[in-house]
Amino acid sequence: MYRHRQLCERAVDPLEIAAGLEAHGVTDRTATHFRHRDVFSLAEEMYARAPRAEDRTEDTEDTEGPGKTDSTGSTGSTGITGSTGSTGGAASRSEAPDPLRARADWAVLTLLPGFLCAAVVAGLRYTEGRPRLAVTVVGVLAVALGLRAALSRGPLHATWAWSPTPSTRAWTWWLVAYALLGDGLLAAGIEGGPEGLPTGDSDSPWPIALTSVLALTAACAPAAWCAHLFAVRARRRLTTSRALEEFAASVKPLLLGVFGLFLCALGGLLALSGAVLDEPVAYAGAGALGALLLLARLLTVHGFTHAPAVVVAAAGAVETAALLSVYAGRLPGGRALARPVETLTDAWGTGAVPALACGAAALVLLLHATRTLTRASAHAARGTTP
């Protein structure tokens, strides 16, 4: 208790102490040395014994008048009060409103990127020449600002301490840009082009995958709701679990279910976008990218920033290397550099490159998430969402 006194003093319930002990390497086996069956039981005793700042304030107020007692009828003692480990005032703290409840502000903001992207796509369809260029420039800035606003609030918001690094943001934007232009540029490079910049018309030097980007921006809304659902359900299971293993076993299916729910929503948005724009849909590439971005954001929001940064950068580097190898194959003696990518695209199409790069990266993050997001310490931090 002396070693973790600050944790005990600031905790609002025993669950925070249990999560903090777990984060410091205390296991159920360690708890048995203190005559407790698990970390949760140990945390309950520590919570009951440790004086907290609000308890000391209440005790000071009680001593100002003779004969005054606290709400439990005691004189401010902090003994253990049973297996629940609660003291005077603990019930009122547990009845505090859930900070992860749904709010209209972030729910509306998550719809903004998809709405702005749809407006830009409509503008590109009905303009040409310089007006189309102006729509493109203004549209890109508007969608970028819309995404920033959507990520500034709600379940997808990361605190300043857990904010992605500039390099991670750059690689993320590169992955989105590749989803828009990469497949067309890769196909044009294999055929000996391109002979100019993309125009968005049917006779463009290389096609633009508007369907993928429109679906990905619109998927910001289901991503936020899935993250909210996971956070709320995980907190509820944290309150009912009696051991760390029990909590991890109950949260893992929840994580996989939320992940599958998002993939279904993204697939529906891809099909809808393809039908509205009357364009082919890159289900594999766009779906893998959406899965990667969701898992990276979930891990970042819960404080795990290193793995998403490394994996997202690796996926972007693979796509960059694939593009460069095709154009490097035009150099004297460099034909062998382009052969692996050409063989892959001949067999599976240009969409195989982002599908493999982002799919492998998403699989790595999914395995990492099943180990990290199932810890109690990943859900005990306060202030991760406004």
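Predicted model: local features only at pLDDT ≥ 70, side-chain atom pairs only at ≥ 80, totals over all residues.

Reader: Going back to Leu292, what is it in contact with, leaving aside neighbours within four places in sequence?

Author: Leu292 meets Leu175, Val311, Val312, Ala315, Cys358, Ala361, Ala362 and Leu365.

Reader: Now to helix α14. How far does it reach from its first C-alpha to its last?

Author: Helix α14 covers residues 283-301, 19 residues in total, and reaches 27 Å. That is close to the 27 Å expected at 1.5 Å a residue. The helix is mostly covered, with 16 of its 19 residues buried. Just after α14, Gly303 has a positive phi of about 95°.

Reader: A change of topic: is Asp183 buried or exposed?

Author: Asp183, a residue of helix α10 (residues 166-190), is buried yet has no salt bridge. The nearest side chain of opposite charge is that of Arg330, 15 Å away.

Reader: What does Asp183 touch, then, if residues up to four places away in sequence are not counted?

Author: Asp183 touches Tyr178, Thr350, Gly351 and Pro354.

Reader: In which helix is Trp174 found?

Author: Trp174 is also found in helix α10. Trp174 counts as partly exposed because its relative accessibility is 28%, between the limits of 20% and 50%. Beyond neighbours within four places in sequence, Trp174 is in contact with Gly316, Glu319, Thr320 and Leu323.

Reader: How many residues apart along the chain are Trp174 and Glu319?

Author: They are 145 residues apart along the chain, while their C-alpha atoms are separated by 9.3 Å.

Reader: Finally, the cysteines. How many disulfides does the structure hold?

Author: The structure holds zero disulfides.

Reader: Why does Cys8 count as buried?

Author: Cys8 counts as buried because its relative accessibility is 1%, and buried means under 20%. Cys117, with a relative accessible area of 7%, is buried as well.

How values were computed
Residues numbered from 1 in each chain as written. Heavy atoms only, no water. Contact = heavy atoms within 4.5 Å. Helix = DSSP H or I, 4+ residues; strand = E, 2+ residues; numbered from the N terminus. Buried < 20%, exposed > 50% of the residue type's maximum accessible area, 1.4 Å probe, protein only. Lys, Arg positive; Asp, Glu negative; His and termini not counted. Salt bridge = Lys/Arg side-chain N within 4 Å of Asp/Glu carboxyl O. Expected span 1.5 Å × (residues − 1). Disulfide = S-S within 2.5 Å.
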